[in-house]
Amino acid sequence: MLLLFPIANFLLFQMQGGDTVLAARIQQLVQIVLTTNDDKQEEAAEAEGKEIFRKRGLPGIAAVGDEAAYEFVLLTCSPGPVEFQKRVLRKAREGAKRHEVPADAASYCEAHVRQETVKAKAKKHAPSNAALREQIERLFKADQAVRKKNEFDMEKMERTDRELRSPLEAIFAKYGVPKYRMWGRGPHPASSP
C-alpha cells in the first residue's frame, strides 16, 4: 500500500509533463555530493548544479517533482560563495511563496545562508579562547574520523560518541554553546585526517 503513493505521484508527474531527465540528473548530482570521497567529482557535481541554476533558475515542483525540487535547493544553496547562496535563497523564497518550491527547502537554505554569514563574520576576529578551539578541533577530528562516507562502521561511531560525550558535556557546562567569536573559525572537514 505504501508503494502506491510514490508510484501515483510519479505517474501524475509524468502526465503533467515534468522533465524526468532533469529530475533524474539532479538526484544523481546530489547522490554524488553526499557519497563521493572524490573532491573533484563533488566539485564537478556542484558546478553542474550551479550551471543549471544560472541557465534555468530553480527547477520547480511542476518541472522536476517535489523531491528533485527540494534536492536542487540543497545542491545549489550549500556550496560556494555566500553571494551565490543568497541568490538561490531569494529564488527559493519566491518559489516557496508561489508553492513552486518546497517551503522546507527555502527554510533549509535560509538557515544555511545565515550560518555561512555568521562564519564569515567570525573569521574576521581572532578566537578569544585558543585552548577551547584546540579542544573542539580535537573532538571534531575524532568525531569525523568515524563518519567518513566510505569505511563507515556503526560500532566505532557509537563507541566514539560515548567517548566524546563527557568532554562535550564539560564544554557545555562551562561555556554553554561556544560562540564563533569565542573559539574562532570552526574546524573544517578538510582539516580532519
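The legends below describe close-up views of a predicted model. Local features are reported at pLDDT of at least 70 and side-chain atom pairs only at pLDDT 80 or more, while totals for chains, interfaces and linings use all residues. Residues are numbered from 1 along each chain as its sequence is written, and side-chain values use heavy atoms, with hydrogens and water left out.

Figure 1. The protein has 10 helices and zero strands, where helices (H or I, at least four residues) and strands (E, at least two) are DSSP runs numbered from the N terminus. The average pLDDT, the predictor's confidence in each residue from 0 to 100, is 83, and 84% of the residues score at least 70. Confidence is lowest in helix H1 (residues 4-15), with a mean of 46, and highest in helix H4 (residues 61-64), at 94. The value stays under 50 over residues 11-15 and also over residues 186-193. Where pLDDT is low, the predicted coordinates should not be read in detail.

**Figure 2. The salt bridge between Arg-54 and Glu-51 in helix H3**. The two side chains meet at 3.7 Å, N to O, in a salt bridge (a side-chain nitrogen of Lys or Arg within 4 Å of a carboxyl oxygen of Asp or Glu). Arg-54 and Glu-51 are three residues apart in helix H3, and therefore separated by about one helical turn. Arg-54 is partly exposed, with a relative accessible area of 48%, and Glu-51 is partly exposed at 34%; buried means under 20% relative accessible area, exposed over 50%, and partly exposed in between (1.4 Å probe, protein chains only).

**Figure 3. The salt bridge between Lys-86 and Glu-83 in helix H6**. The closest N and O atoms of this pair are 3.9 Å apart, and both residues lie in helix H6 (residues 82-97), three residues apart, about one turn of the helix. Lys-86 is partly exposed, with a relative accessible area of 31%, whereas Glu-83 is exposed at 56%.

**Figure 4. The salt bridge between Glu-100 and Arg-98**. The closest N and O atoms of Glu-100 and Arg-98 are 3.0 Å apart. Glu-100 counts as partly exposed at 36% relative accessibility, as does Arg-98 at 48%. Elsewhere, salt bridges that share partners join Glu-51, Arg-54 and Lys-55 into one network.

**Figure 5. Thr-36 in the loop between helix H2 (20-35) and helix H3 (39-56)**. Thr-36 is buried, with a relative accessible area of 10%. A polar atom of the Thr-36 side chain lies 3.0 Å from the backbone nitrogen of Asp-38.

Terms used: Contact = heavy atoms within 4.5 Å. Polar contact = N/O pair within 3.5 Å; in protein donor to acceptor, adjacent residues only side chain to side chain.
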